Amino acid sequence: MTDDHPAYVLGSTDLEHHRLMLQGHILRPWTERFLRTAGLREGMSVLDLGSGVGDVSLLAGEIVGPRGRVLGVDRDPTAVEKARGRAAGAGLSDTVTFEVTALEDLAGSLSFDAVVGRFVLLYQRDPARILRKFTRFLRPGGIVAFHEIDLTNENPSWPPCPTWDDSYALLAEVYRAHGTPPDFGRRLNRTFVDAGLPGPEIEAVGIVGANAGSALFDWMAHSLRSLEPALQEQGLALPSGLEPDEALAEALREAVFEQGSQVMGPIQYGAWTRMP
Ligand SMILES: C[S@@+](CC[C@H](N)C(=O)[O-])C[C@H]1O[C@@H](n2cnc3c(N)ncnc32)[C@H](O)[C@@H]1O
C-alpha cells in the first residue's frame with residue numbers, strides 16, 4: 001500500500017458491506033435530493049467514485065434510466081462483485097456497470113456528463129487532486145456532485161446521554177487517528193476550489209433520532225463494529241458497558257431512552273457545481 005493508497009478505515013468485510021447497504025437505505029433520500037438538485041437527469045452518463053456495494057450507482061441508474069449509463073468504480077473487488085449482483089437483481093445491468101480499480105489508477109479517455117460520489121473524498125490522501133483528475137473526464141457543463149459527512153459534534157444528544165456522546169466522539173477520534181478527517185463535510189468548498197472548480201452550492205442536513213424505531217442506533221452500532229479492528233489498532237475502546245456484538249444497537253437504544261434523550265447522527269453535506 002503506497003502513500004497514495006491509504007487503507008479504508010472501515011475495512012472490507014461482510015459486516016462492512018452490510019453496513020454500507022443499511023447506510024445507503026438511510027441516506028438515499030438525501031443523496032437523491034443532492035443528485036437531482038445538482039442536475040442529474042434522464043439519459044446522462046455518470047461516473048460514481050468509490051461505489052462500494054453499489055448504492056449510489058444504482059440510485060443514479062434509476063435517475064438516468066435506460067437511455068443513460070452509470071459506471072461505478074471501487075478498489076474493493078468483493079464490494080464490486082456484490083454491486084454487480086445487486087445491479088443484476090434490480091434489472092439494471094445494462095445501465096449500471098462496475099469496475100475494480102483504485103481511483104489513482106483509473107485512466108483512459110472516458111467521457112461523462114457527471115462525476116458523483118458519496119463518502120469517498122474524505123478517504124483520499126489529497127481529495128482536491130482526485131477531484132481535479134476526474135473533472136477531466138467531464139464534458140463542458142458537466143456536473144460534479146458529492147455527498148460527504150461531518151462526524152464532529154460536541155453535543156449530539158439532549159438531555160445529554162454519555163453513552164451516545166462518547167460513541168459519537170469515538171467515531172471522530174478513530175477517524176482522526178487513522179488520518180481521515182472526520183469533519184470533511186466542512187471542507188467541501190475548499191476542496192472544490194482547490195480542484196480548480198467553481199465554488200459549489202452546499203447543503204447540510206442532520207438526521208435526528210427521537211424514537212426507538214430510529215435507524216440511527218443500528219447505523220451507529222454497525223459503524224462501531226466495522227471500526228473495531230481500527231479501534232484496537234489505535235488502542236481505543238468502546239464506551240463502558242458496550243460490546244462490539246449483535247446486541248450493540250439495542251444497548252445504545254436502551255441507554256438513550258433511559259435518559260429520555262433525542263440524538264443526532266452525523267451531518268450530511270451535499271456539494272455540487274458545473275464545469276465551465
Ligand atoms: C464509505 S464507502 C462508500 C461506498 C458508496 N459510495 C456508498 O455510499 O455506499 C467508501 C468506498 O470507497 C472506496 N475507496 C476509498 N478510496 C478509494 C480509492 N482510492 N480508490 C478506489 N476506491 C476507494 C472503498 O473501497 C469503499 O468501498
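This note sets out points on the cores, aromatic pairs, pockets and cavities of a predicted model.

1. Nonpolar cores. The largest nonpolar core holds 63 residues, and those that touch the most other members are L47, L49, F134, F146, W164 and Y175. As a general background, nonpolar side chains in soluble globular proteins tend to be buried together.

2. Contacts of L47. Leaving aside residues up to four places away in sequence, L47 is in contact with L71, V73, L106, F112, A114, V115, V116, F134 and F137. One of these partners, F134, is itself listed with L47 among the core residues that touch the most other members.

3. Aromatic pairs. The model contains six aromatic pairs. In one of them, the ring centres of Y8 and Y123 are 4.9 Å apart and the planes stand at 90 degrees, so the pair is classed as edge-to-face. Y8 belongs to the segment before α1, whereas Y123 sits in the loop between β4 (112-118) and α4 (127-135); the pair therefore ties together parts that are 115 residues apart in sequence. Ring pairs also bring Y175 into a cluster with Y8 and Y123.

4. Y123 is buried, because its relative accessibility of 11% falls under the 20% cut-off.

5. Largest pocket. This pocket has a volume of about 520 Å³. Its lining comprises 28 residues, of which Y8, G50, G52, D74 and F119 are the closest to the centre. The elements giving two or more residues to this lining are α1 and α2 (55-64), and α1 supplies the largest share, five residues. By class, the lining has 10 nonpolar, nine polar and nine charged residues.

6. Second largest pocket. The space here is about 160 Å³. The pocket is lined by 14 residues, and L122, Q124, R125, G179 and P181 are the closest to its centre. The lining divides into eight nonpolar, four polar and two charged residues.

7. Cavities. Of the 18 residues lining the largest cavity, L151, L171, W219, S223 and P266 lie nearest its centre. Two or more lining residues come from each of α1 (14-38), α5 (162-178), α7 (216-226) and β8 (262-274). The lining of the largest cavity consists of 14 nonpolar residues, three polar and one charged.

Technical notes: Residues numbered from 1 in each chain as written. Predicted model: local features only at pLDDT ≥ 70, side-chain atom pairs only at ≥ 80, totals over all residues. Heavy atoms only, no water. 1 Å grid on protein atoms, 1.4 Å probe; cavity = no way out; pocket = protein on both sides within 12 Å on 5 of 7 lines; lining within 4 Å. Helix = DSSP H or I, 4+ residues; strand = E, 2+ residues; numbered from the N terminus. Nonpolar A, V, L, I, M, F, W, Y, C, P; charged D, E, K, R; others polar. Phe/Tyr/Trp six-rings, centres within 6.5 Å; stacked < 30°, edge-to-face > 60°. Buried < 20%, exposed > 50% of the residue type's maximum accessible area, 1.4 Å probe, protein only. Core = buried A, V, L, I, M, F, W, Y, C linked by side-chain atoms within 4.5 Å. Contact = heavy atoms within 4.5 Å. Points joined across faces, edges and corners; volume = space filled by probe spheres on them.
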